[in-house]
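Subject: Handing over the structure

Hello,

Here is the structure I promised to pass on to you. Have a look at it first, and then read on for what turned up.

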Amino acid sequence: MTSIEAKLPNLPPGPDKAYDINTTDESFPIVADYIAKYGNFTLIKPVTRANNTILINDPDAVKAILVKNHENYKKGPGFERVKMLLGNGIIVSDGAFWRRQRRMIQPAFSRKCIDGLAKKMQKANQDLLHSWQKKADNNEVIDVSSETSDLSLEIILRCLFSDDMDKLIAQEGENPFQILTYDLARDIQFVMKFRALKILVQQLMDERRESSKRYDDFLEAFMEGIDKETGEGMSDKEIIDEVMTMIIAGHETGATTLNWAWYLLSQNPAEEKKLHDEVDNNIAADIPTFEEVGNIPFSRQVIEEALRLYPPVWLYSRTAIADDKICGYDIPAGTNIFFTPYYLHRHPDFWDEPESFKPDRFSAEEVKKRHKFAFIPFSAGPRRCIGDYFSIVEMQIHLGTMAKKFKLEYVPDLSGEKGVELDPQVNLRSKNSIMMKLIKR
Ligand code: HEM
């Protein structure tokens, strides 16, 4: 070996053509193509970015980057629009500032706090149950995609602002945050409208400071949070960025998961029956209590299987701070790393019949047998989703409530000419609304 060869980094194979992967429908099949051609590691040259990208489809590498050596990786490219929306919120920030924000926000997601917030989830589902009962009586076909989107928005807003939401709706004449459900473009106009909402959050904070009323919600937790290391709280701007982060991160992710879960159940009657049996036997009244959520594990498995097949965050990225070596490959400083749960969750080395909907693969026994990092819908390591448990409880309460009363029947004629199609943007949506008939049970 000559001295020049000895110095060459060991990089994975990849295409000659440069390309910048992004959270777009254009990148989605290109990523599949790379994985098919080059395997678990693909090196991609940049077009506009400063450095190469390595696309990773390997659970050992996921563990190495997100857990073992996480300090060497900061958030990567591909989320420029999200950054425009969220200022320096916890999802986009890095380093010491991120650590401080995470320390202050984490307590609001404890089991005890979620027990309290579950009441707001139950109330939202109670209202939705009444609405679905009326629609079922009228033989109406429902648009599950928008029903779950509205529900998820209602829940995150009530968990943030409690009944201050009613005040905002009365003042503005409509729910000012509703643009999140009807304006799906996420373009620059959306960014401007979304930023205008920050003024409303500031107004709520000012009003709360003048009052002695207690709220059991995220806004209260953020306003009162004190960093144990410094004894300081967050500034108003920081609180607002975190509030907006929770709305963006917590709304569409849960909504799309439920959208897919209902669709998958409708296509798999045997699994649907197991869910019906479970909720019939374990939920005493109409709505599952927080304790009962623990008694409906199959509903959780349904959600996990929906997250496997259609992970809302189908692509996310990191950038290496210093040189690293992962699974035998050199990772020079500045390299962008992309993970794609959508493809990893269908990797044939880790998933048997990957295209099939089989919630049983998430039984405790099956989970133990599998590589822990082959399933990463919430990411992993210190930057794992802070709302993972919150959203599982939220989704179990919804599935438990509705599956007890209804069977949802997919109506293909109304759900788009080509059937259900994917729309991979920042979140993995369905291209057309999924339309369903409510059959009373
Ligand atoms: C099905 C539901 C959800 C999914 C699949 C999901 C997925 C994710 C993923 C993949 C990340 C990491 C992204 C990255 O590393 O670049 C993340 C981070 C985050 N998520 Fe979620 N999420 C969900 C629900 C929620 C909810 C309900 C909330 C809040 C109420 C939330 C708040 C956050 C926050 C604040 C972060 C940033 C954490 C940090 O960087 O420290 N998520 N989520």
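Which residues in helix 15 meet which residues in helix 18? Please keep in mind that this is a predicted model. From helix 15 come Ser299, Arg300, Val302, Ile303 and Leu307, and their partners in helix 18 are Ile392, Met395, Gln396 and Leu399. By class, the residues of this contact are 6 nonpolar, 2 polar and 1 charged.

Two packed helices are described by the angle and the distance between their axes. Here, helix 15 spans residues 297–309 and helix 18 spans residues 388–405; their axes cross at roughly 115 degrees and come within 9 Å. The crossing of helix 15 with helix 18 is right-handed.

The ligand's iron atom has a single donor from the protein, the SG atom of Cys385, at 2.3 Å. You will find Cys385 in the loop that runs between helix 17 (364–369) and helix 18.

The structure has 1 cavity of 30 Å³ or more, and the largest cavity has a volume of about 30 Å³. Its lining is made up of Trp262, Leu265, Ser266, Glu272, His276, Phe406, Lys407 and Leu408. At least two lining residues come from each of helix 12 (236–267), helix 13 (269–282) and strand 9 (406–410). Sorted by class, the lining of the largest cavity holds 4 nonpolar, 2 polar and 2 charged residues.

Enjoy exploring, and write back with any questions.

Best wishes

How values were computed. Residues are numbered from 1 along each chain as its sequence is written. This is a predicted model: local features need pLDDT of at least 70, side-chain atom pairs count only at pLDDT 80 or more; totals for chains, interfaces and linings use all residues. Side-chain values use heavy atoms; hydrogens and water are left out. Axes are lines fitted to C-alpha atoms, for helices over the stretch in contact, and angles run from 0 to 180 degrees between N-to-C directions. Helices (H or I, at least four residues) and strands (E, at least two) are DSSP runs, numbered from the N terminus. A crossing is left-handed if the near helix is turned anticlockwise from the far one by less than a right angle, and right-handed if clockwise. Contact means heavy atoms within 4.5 Å. Ala, Val, Leu, Ile, Met, Phe, Trp, Tyr, Cys and Pro count as nonpolar, Asp, Glu, Lys and Arg as charged, and the others, Gly among them, as polar. On a 1 Å grid over the protein atoms alone, a cavity is a set of points where a 1.4 Å probe fits but cannot get out, and a pocket is an open set with protein on both sides within 12 Å along at least five of seven lines; lining residues have an atom within 4 Å of a point. Grid points are joined across faces, edges and corners, and a volume is the space filled by probe spheres set on the points. Donors are N, O and S atoms within 2.8 Å of the metal (3.2 Å for Na, K and Ca); water is not among the atoms, so sites may look incomplete.
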